[in-house]
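The sequence and structure come first.

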Amino acid sequence: MNREIPYKIYLEESEMPKQWYNVRADMKNKPAPILNPATLKPITVEELSPIFCTELAKQELDETTPYFDIPEEIREFYKMYRPAPLVRAYCLEKKLGTPAHIYYKFEGNNISGSHKLNSAIAQAYYAKKQGLKGVTTETGAGQWGTALSMACSYFDLDCQVYMVKVSYEQKPFRREVMRTYGAQVTPSPSMKTEVGRKINAEFPGTTGSLGCAISEAVEAATTQEGYRYVLGSVLSQVLIHQTVIGLETKAALDKYGIKADTIIGCAGGGSNLGGLISPFAGEILRGEADYEIIAVEPASCPSLTRGRYAYDYCDTGKICPLAKMYTLGSGFIPSANHAGGLRYHGMSSIVSQLYDDGIITARSVEQTEVFKAAEMFARVEGILPAPESSHAIKVAIDEALKCKETGEEKNIVFGLTGTGYFDMVAYQKYNDGEMTDYIPTDEELAKSFATLPKVD
């Protein structure tokens, strides 16, 4: 098709997905079951229900249903900011002098500045439908906490957020957005929970991690009547909700007869990456198409590229179920880098299985190079990207420059799933030459791996 490609490809409201996609239904090798931490046996819906909303617990464990209908109330909410545009990065292509065609799916056009609202509104909806008083959660960079606070405000639910301490201090304005929407925000690890006090005693002065914050949020949910825990990444239910990203991306590409060659997403817990790539991975699994899919993670927290594929606790306090995933160990505390949303010790079990089966590949990148790519993108494309999304930008630029060398006209698609307007401390450190790169040593990782639970 020779139709001219516009800068922004928009879908009509009528073209917005009416169902979420569950890639596990097409996976020959299913992700290993999550385990009850008390029995080390596969967990049941009944055992998960005290932690998660019942409907979400069902989605979490369902590996055979390929599609879930999106409730009408959620679809109506989505219409406030969806369908999201697929943008042709003409100016970046010109800057790089590449024959490659670069596209990015922009998920920053809502109050959270990211893709997180796609799942936040779904989880709040099921909590409200179940008649709960409120929910608890953790947040790293603050985008998930912001998304959930808005979703809870919409459904008149109480929202309690445990924010990783380093991000709580580095990103005060994101914290205040959450409070504006009515959320109670606590720096983690805190002294409010038993597990928080334990972590503070074991790691004095710690800057926290997503694993720590998860432990506190789960304890808070299970010790308050009428509350459940919700999570912004890692879980299979979250990846299901986020497939609106990939489904819209594929529909927009198909609208103009474009076949993606390389698909790139940043990877922390796996929600943005999994949401973007699932429909494409499904085509690979069904033998319908072939794509190069690249997960990009920080070199300071390299779960895929340097982690172990093993059963591990999903939280530092070891009170959550165990999942088989690529992990650095639940006790691993990442350095205080500025991609707060990627500071998680493990990876989604779905993403981990796809990686282990060779359906996707992974790369790790250092944060100074990430910010260099972010500034180049901002200067020519007019959007200030979040540090997390900028990992994908870095590798998209690398791939486009390879095309410049070979003359290949590849179609490169990446997810721009966050804006960086609350991340100016990070940009300031980069511009002032104060940003450093930290890469954990083999010895540090070996010490963490030694604490992995022994599961037969």
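## Gly418

Gly418 has a relative accessibility of 0% and therefore counts as buried (under 20% relative accessible area; exposed is over 50%, partly exposed in between, with a 1.4 Å probe and protein chains only). The model is predicted, so local features need pLDDT of at least 70 and side-chain atom pairs count only at pLDDT 80 or more, while totals for chains, interfaces and linings use all residues. Residues are numbered from 1 along each chain as its sequence is written, and side-chain values use heavy atoms, with hydrogens and water left out.

The loop between β15 (411-416) and α17 (424-431) holds Gly418; helices (H or I, at least four residues) and strands (E, at least two) are DSSP runs numbered from the N terminus. Leaving aside residues up to four places away in sequence, Gly418 touches Gly113, Ser114, Gln143, Pro385, Ala386 and Ser389, where contact means heavy atoms within 4.5 Å.

## Cavities

Two cavities of 30 Å³ or more are counted. A cavity is a set of points, on a 1 Å grid over the protein atoms alone, where a 1.4 Å probe fits but cannot get out; lining residues have an atom within 4 Å of a point. Grid points are joined across faces, edges and corners, and a volume is the space filled by probe spheres set on the points.

The second largest cavity contains about 190 Å³ of space. Its lining has 19 residues, of which Glu60, Leu231, Val234, Leu235 and Cys314 are the closest to the centre. By class, the lining has 15 nonpolar residues, three polar and one charged (Ala, Val, Leu, Ile, Met, Phe, Trp, Tyr, Cys and Pro are nonpolar; Asp, Glu, Lys and Arg charged; the others, Gly among them, polar). At least two lining residues each come from α10 (210-222) and β13 (322-327).

## Aromatic rings

There are 17 aromatic pairs (rings of Phe, Tyr and Trp, the last by its six-membered ring, with centres within 6.5 Å; planes under 30 degrees apart are stacked, over 60 edge-to-face, the rest tilted). Tyr154 and Phe155 pair edge-to-face, at 5.1 Å centre to centre and 85° between the planes. Tyr154 is partly exposed at 44%, whereas Phe155 is buried at 8%. Ring pairs join both into a cluster with Phe77, Tyr78, Tyr81, Tyr125 and Tyr126.

Definitions and conventions:
1 Å grid on protein atoms, 1.4 Å probe; cavity = no way out; pocket = protein on both sides within 12 Å on 5 of 7 lines; lining within 4 Å.
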